[in-house]
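Biologist: I am new to this protein and would like a guided tour of its fold. Could we begin with the overall picture and then go into the details?

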Amino acid sequence: MTFMTMTAIYTGTGRQHCKESVGESVGVRASQRTRERGRGKMSGIVSRVSEGQTAVSCFIAAASFVLFQVLFHWGSALLSRPFCVDVAKMSRQAQIEWHSRVVSTAHACIVGPICLYLLWFDDGVNADPIWGDPSKVQISIAITAGYLFSDLLVIFAYWRLVGDKLFVLHHAVALSSCFYVLQDGVLAYFANFRQMAELSTPFVNQRWFLEVLGYQKSSRAYVWNGLAMSASFFLARVATMPVYYTRTLSWLGTEAEARLAWGHRLAWWLPSITLDLMNIVWMKKIARGCYRGLRHTFGKDSRPKITVEATKRMPESLANGKTD
């Protein structure tokens with residue numbers, strides 16, 4: 001075999017291997033694009049979240065679900081013993097409500113600090129609230145998703161005692177928002193900002209605990225918790241509204257906002273407006289209750305109240321506020 005023949009053989013073989021490797025590379029890229037299109041079909045865009053990130057989020061959500069289920073069925077009773085609370089003597093409905101609020105408080109104590117930390121130090125989502133790196137925010141969102149699934153299971157399991165269609169609707173809407181953050185990696189800043197509302201949850205639940213434990217509304221514990229509940233509810237849910245909507249409006253009409261699918265916009269606006277309207281109504285009720293509690297604790301107005309019936313029995317001069 002001559003040198004030219006051997007060269008031709010080796011050259012042909014090399015070209016064949018090159019063609020095969022190029023074909024394999026093209027096939028791999030095509031299959032990756034197909035998988036990405038399939039993952040982004042529901043949202044209308046190609047998912048920005050890798051399979052590894054999705055696996056981590058699913059693991060955190062599953063672990064959160066198991067943790068809160070364990071806390072509901074066994075941990076709550078153990079945590080309540082130091083406070084001399086015999087939960088077993090309560091009615092079945094009160095027991096379920098007690099355990100649910102313990103789980104709700106635990107979730108708020110976990111997610112609330114994470115939310116504040118990310119708002120202060122996560123430069124990625126702060127710089128780009130729509131398309132910023134969602135990897136850190138996805139941790140708290142996954143925890144919340146696990147909690148929502150756990151709470152839904154409790155609601156359906158004890159529907160006759162604690163079933164509430166509004167809670168089911170609330171959890172379903174919240175889970176849809178979690179899905180877009182975990183699956184598509186969009187709107188991470190705004191999703192994390194909404195988590196700030198959980199900072200007031202422990203005080204709201206504590207008010208219910210104090211009522212069940214028989215504390216008087218004039219007691220020091222009840223009054224101080226009421227003040228903390230009112231302040232935290234206002235600061236976390238009402239005072240933050242101008243900041244949230246100012247940031248939201250500043251990104252409307254931008255190129256980043258135009259890339260969002262209709263589902264993203266719906267999950268961005270609808271829950272925010274609905275929940276904030278509810279927060280305003282709740283804040284009004286809390287403010288009234290706080291005012292009545294303070295008046296009851298520190299003394300009512302000592303001036304006598306003059307009713308319409310009383311003015312009819314008074315001389316005309318006194319009824320008009322004059323004296324002869």
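**A tour of the helices**

Modeller: Among contacts in the protein between residues at least 6 apart in sequence, 75% join residues at least 24 apart, a contact being heavy atoms within 4.5 Å. Please note that this is a predicted model, in which local features need pLDDT of at least 70 and side-chain atom pairs count only at pLDDT 80 or more, while totals for chains, interfaces and linings use all residues. Residues are numbered from 1 along each chain as its sequence is written, and side-chain values use heavy atoms, with hydrogens and water left out.

Biologist: How many helices and strands are there?

Modeller: The protein has 15 helices and 0 strands. Helices (H or I, at least four residues) and strands (E, at least two) are DSSP runs, numbered from the N terminus.

Biologist: What percentage of the residues is buried?

Modeller: Of the 324 residues in the protein, 39% are buried. Buried means under 20% relative accessible area, exposed over 50%, and partly exposed in between (1.4 Å probe, protein chains only).

Biologist: And what does the accessible surface come to?

Modeller: The total is about 19,900 Å², and carbon and sulfur atoms account for 65% of that surface. The areas come from the Shrake-Rupley method with a 1.4 Å probe; for residues, only the protein chains shown count as cover.

Biologist: Let us turn to packing. At what angle do H10 and H13 pack?

Modeller: Helix H10 (residues 220-238) packs against helix H13 (residues 262-298) at about 155°, and their axes are 10 Å apart. Axes are lines fitted to C-alpha atoms, for helices over the stretch in contact, and angles run from 0 to 180 degrees between N-to-C directions. The two helices are therefore roughly antiparallel to each other; angles under 35 degrees count as roughly parallel, over 145 as roughly antiparallel, 65 to 115 as roughly perpendicular and the rest as oblique.

Biologist: Which residues make that contact?

Modeller: On the H10 side they include Val223, Leu227, Ser230, Phe233 and Phe234, and on the H13 side they include Trp282, Met283, Ile286 and Cys290. By class, the contact of H10 with H13 has 11 nonpolar, 3 polar and 2 charged residues. Here Ala, Val, Leu, Ile, Met, Phe, Trp, Tyr, Cys and Pro count as nonpolar, Asp, Glu, Lys and Arg as charged, and the others, Gly among them, as polar.

Biologist: Where is Ser230, and is it buried or exposed?

Modeller: Ser230 belongs to helix H10 and is buried, with a relative accessible area of 11%. Leaving aside neighbours within four places in sequence, Ser230 is in contact with Met283, Ile286 and Cys290. Its C-alpha atom is separated by 8.4 Å from that of Ser200, 30 residues apart along the chain.

Biologist: What about Ala231?

Modeller: Ala231 is in helix H10 as well, but counts as partly exposed at 38% relative accessibility. The C-alpha atoms of Ala231 and Ser200 are separated by 8.5 Å.

Biologist: How does H9 pack with H10?

Modeller: Helix H9 (residues 201-212) and H10 pack at an angle of about 155°, with axes 8 Å apart. H9 and H10 are therefore roughly antiparallel to each other. Among the residues in this contact are Phe203, Val204 and Leu210 of H9 and Tyr222, Met229 and Phe233 of H10. The contact of H9 with H10 divides into 8 nonpolar, 4 polar and 3 charged residues.

Biologist: Now for H2 and H3. Why are they called roughly perpendicular?

Modeller: Helix H2 (residues 51-80) and helix H3 (residues 92-121) pack at about 105°, with their axes 9 Å apart, and H2 and H3 are therefore roughly perpendicular to each other. The contact includes Phe68, Leu71 and Phe72 of H2 and Trp98, Val102 and Ile110 of H3. It has 10 nonpolar, 5 polar and no charged residues.

Biologist: Which features stand out in the loop between H7 and H8?

Modeller: Leu187 lies in that loop, between helix H7 (165-184) and helix H8 (188-194). Its phi is near 60°, a positive value in a residue other than glycine. Most residues other than glycine have a negative phi. Leu187 is buried, with a relative accessible area of 7%.

Biologist: Finally, where is Met241, and what is it in contact with?

Modeller: Met241 is in helix H11 (residues 241-251) and, at 12% relative accessibility, counts as buried. Apart from neighbours within four places in sequence, Met241 is in contact with Asp276, Asn279 and Ile280.
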